[in-house]
There are 2 protein chains.
Amino acid sequence: MSKKDITVKEVARRAGVSTATISRVLNGDSKVRPETAARVKEVIKECGYRVNRTARSLKTRKTYTVGIVAPEFKNDFFMSIVTGVEETLKNHGYSVILCSSHESREEEKNRLRLLKEKNVDGAIIIPGSSRGEHFSLMEDTPVVLVDRLVEGFTSDAVLSDNFQGSYDAVRQAVDMGARAIGFLGGDKDLTSARERFEGYAQACRDLGVAFNEETVLFGDYHEDSGYRLMKQLMESDGAPDYVFISNYFMHVGAARYLLESGRDFPGLHVLSFDDLPLAAFFPCISLIIAQPMEEIGRKAADLLLKRIDGSTEKRQTFRLPTSMRILN
Amino acid sequence: MSKKDITVKEVARRAGVSTATISRVLNGDSKVRPETAARVKEVIKECGYRVNRTARSLKTRKTYTVGIVAPEFKNDFFMSIVTGVEETLKNHGYSVILCSSHESREEEKNRLRLLKEKNVDGAIIIPGSSRGEHFSLMEDTPVVLVDRLVEGFTSDAVLSDNFQGSYDAVRQAVDMGARAIGFLGGDKDLTSARERFEGYAQACRDLGVAFNEETVLFGDYHEDSGYRLMKQLMESDGAPDYVFISNYFMHVGAARYLLESGRDFPGLHVLSFDDLPLAAFFPCISLIIAQPMEEIGRKAADLLLKRIDGSTEKRQTFRLPTSMRILN
DNA sequence: AAATCAAATGTAATCGTTTACATTCTCACA
DNA sequence: TGTGAGAATGTAAACGATTACATTTGATTT
């Protein structure tokens, strides 16, 4: 008899008990005599029986699987979050279906539909945009949003305190002597990009930093955008000597520009979000705002687990504090 | 009636046909009258019926899910591979369970056991070490190995042509005037690390490059190792002016050393594996050996799909060519 | 109009578990 | 030794789909 045909039924036959008993020892049900349990376990080991989780799920309506949807995978920021999520969930017996939305709303929708059909117990979503009406097709499957908020759908959410992080960075820059601070922003469609801008703007107002429209530039969170905007800023007339960059990939692009230009930028100070590999060695870097990425993931997973277990607390948005790394 | 209670049975009732007919429509079975199919589809749309894939899987013994096991997620190299895999599989209706093995053989084993119980249709593994006896617990579930080979288990595999990539790089270095080339190697337990060393060593022999034991150092593929070995090499007496670095993370570490040391390294030339973000801007970088990462992922997925569909071709190892990026 | 046959549909078993409910043990106690 | 109660076990019906096989329908032929 091939190993693959060994089901509870077969184990029951070999152990001379009923399938119910097998199931009971499998699930640690107390009401089975120790000797019986021992014999069953013996048989199970002996014939290499392994539970079929698909069948179990069908019956119990629980898959111990959660979906994660992220705009892309080649992104240390997202993957740090995923690392935190996976680690936490694994410790509770869950596994993770990973889906890329390719930053497309339509794709995001398709993946969610699939996750629903696969009966995931919950989902963690890093939204690709600020629109989230389609998330409601998860119906009563718990959802936790991460890193970005969304309109048209309310749920638990976990993200960095972007406003405060930006604000503090600007204050620190002022302490270091900044008089004017340029700004390279992400796509304003994303909450995090907006919040980072707001923190920056508010700090400028509060601290009397000149706010020059010409040196506040918006693009998106990608490398090319950082390159382009940094170039634009540095080649303009009134180039500031402090520049705030809104995320790591823009920072990479900006750094690439600085390096490629071959020019020297004496006195230039860069402030940037995200403490990712080598950011601390990019040209002119003065200050890094570090997000607690894995912690965000762990927190999101914790929240999700609570919801899955039926928590009915009010939905909440958690903003975890960033930290500052001052380089010179 | 809540949306969640809508099963084929309910749809059948509403459409006035049997569940068999619903199933046939769902699966595009030809032998159902167009009018009937239309009516059924109508009802399905109307009541928002969605198939329960868990139930379907139980019956069909096909989950349309494959497992991916990787040593870690915060790794652009691995995640590029995963990107290629996910994209290809998605196009064929499969989704992906992502597991981290944390470079632990025990953990790798646990994850595989879980994947087996979850009835994945196949698995793609980036092994954490060169031992793979435990992979056999996938029994007749198809497995494709990626990036690293393994002893004690044979299967399809896809990886870069590490030997050739190294060999070519050394030849290019020689063309550029190298007389002696230091080597920073990864953990020799990994096939890729060994192969890269072999390519380097063979090229040195073939091309008459001095092979100095003192400047051939081994560590592991991580950043700290790159830092430590580069420091060791640069602070030694006979520091070579060409250095071959075996992967991206070691390169990051080495670059960190060069930057942190504050010293100048006139005439130093770095050759390194992996064309990852900003590698081309690391100090002294002269040549990058780029691996076709997403392509590796796509190829692995293609192979897996063929096996899942029952291909019985001889198991094969594919070594995809690397490419060279010459920087100065 | 009866016979034939293919096409369309239905019936019911099945996939491998879990679990409500029914039954049978076991043993303390009268 | 019979009784009763609780513990241990068994029986059989789900879970929601698919599908082999049986049946019905309806067109075509004679």
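**A guided reading**

Q: In which helix does B:Glu86 lie?

A: B:Glu86 lies in helix α5 of chain B, which covers residues 76-91. Please keep in mind throughout that this is a predicted model.

Q: Is B:Glu86 buried or exposed?

A: A residue counts as buried when its relative accessible area is under 20%. B:Glu86 has a relative accessible area of 3%, and therefore it is buried.

Q: Which residues does B:Glu86 touch, apart from those up to four places away in sequence?

A: On the side of chain A, B:Glu86 touches A:Phe73, A:Leu98, A:Cys99, A:Ser100, A:His102 and A:Arg111, and in chain B it touches B:Val96.

Q: Where is A:Ser80 placed, and which residues is it in contact with beyond its neighbours within four places in sequence?

A: A:Ser80 is placed in helix α5 of chain A, residues 76-91, and its contacts are A:Met293 and A:Glu294 together with B:Lys74 of chain B. With a relative accessibility of 2%, A:Ser80 counts as buried.

Q: How many helices and strands are there in chain A, and how does its radius of gyration compare with the globule rule?

A: Chain A has eleven helices and twelve strands. Its radius of gyration is 26 Å, whereas the globule rule gives 20 Å for 328 residues, so chain A is more spread out than a compact globule. The C-alpha trace, taken along its principal axes, spans about 85 × 35 × 30 Å.

Q: What share of the residues of chain A count as buried, and what share of its contacts with a separation of 6 or more link residues 24 or more positions apart?

A: Of the 328 residues of chain A, 55% count as buried. Among contacts with a separation of 6 or more, 68% are between residues 24 or more positions apart.

Q: How is strand β10 of chain A covered, and with which strands does it pair?

A: Strand β10, residues 285-290 of chain A, is mostly covered, as six of its six residues are buried. With strand β9(A), residues 269-273, it pairs in the parallel sense over four bridges, and A:Leu271 has A:Leu287 as its bridge partner. With strand β12(A), residues 323-326, β10(A) pairs in the antiparallel sense over four bridges, where A:Ala290 is partnered by A:Ser323.

Q: Why is strand β6 of chain B described as largely enclosed?

A: Strand β6(B), residues 181-185, is largely enclosed by the rest of the structure because five of its five residues are buried. Both faces are covered, with B:Ile181, B:Phe183 and B:Gly185 on one side and B:Gly182 and B:Leu184 on the other. Four bridges join β6(B) to the parallel strand β8(B), residues 242-245, in which B:Phe244 stands opposite B:Phe183. Three bridges pair β6(B) in the parallel sense with β7(B), residues 216-218, and there B:Phe218 is the bridge partner of B:Gly185.

Q: In which strand is A:Ala157 found, and what is it in contact with?

A: A:Ala157 is found in strand β5 of chain A, residues 156-160, and it is buried, with a relative accessible area of 2%. Leaving aside neighbours within four places in sequence, its contacts include A:Val144, A:Leu145, A:Leu303 and A:Phe318.

Q: What is the phi of A:Asn119, and what is the phi of B:Arg61?

A: Most residues other than glycine have a negative phi. A:Asn119, although not a glycine, has a positive phi of about 60 degrees; it is placed in the loop between α6 and β3 of chain A and counts as partly exposed at 26% relative accessibility. B:Arg61 has a positive phi near 60 degrees, lies in the loop between α4 and β1 of chain B, and is exposed, with a relative accessible area of 70%.

Notes. Residues are numbered from 1 along each chain as its sequence is written. Chains are lettered from A and ligands numbered from 1 in the order in which they are written. This is a predicted model: local features need pLDDT of at least 70, side-chain atom pairs count only at pLDDT 80 or more; totals for chains, interfaces and linings use all residues. Side-chain values use heavy atoms; hydrogens and water are left out. Helices (H or I, at least four residues) and strands (E, at least two) are DSSP runs, numbered from the N terminus. The radius of gyration is taken over C-alpha atoms; the globule rule is 2.2 Å times the number of residues to the power 0.38. Buried means under 20% relative accessible area, exposed over 50%, partly exposed in between (1.4 Å probe, protein chains only). Contact means heavy atoms within 4.5 Å. Two strands pair if DSSP finds at least two bridges between them.
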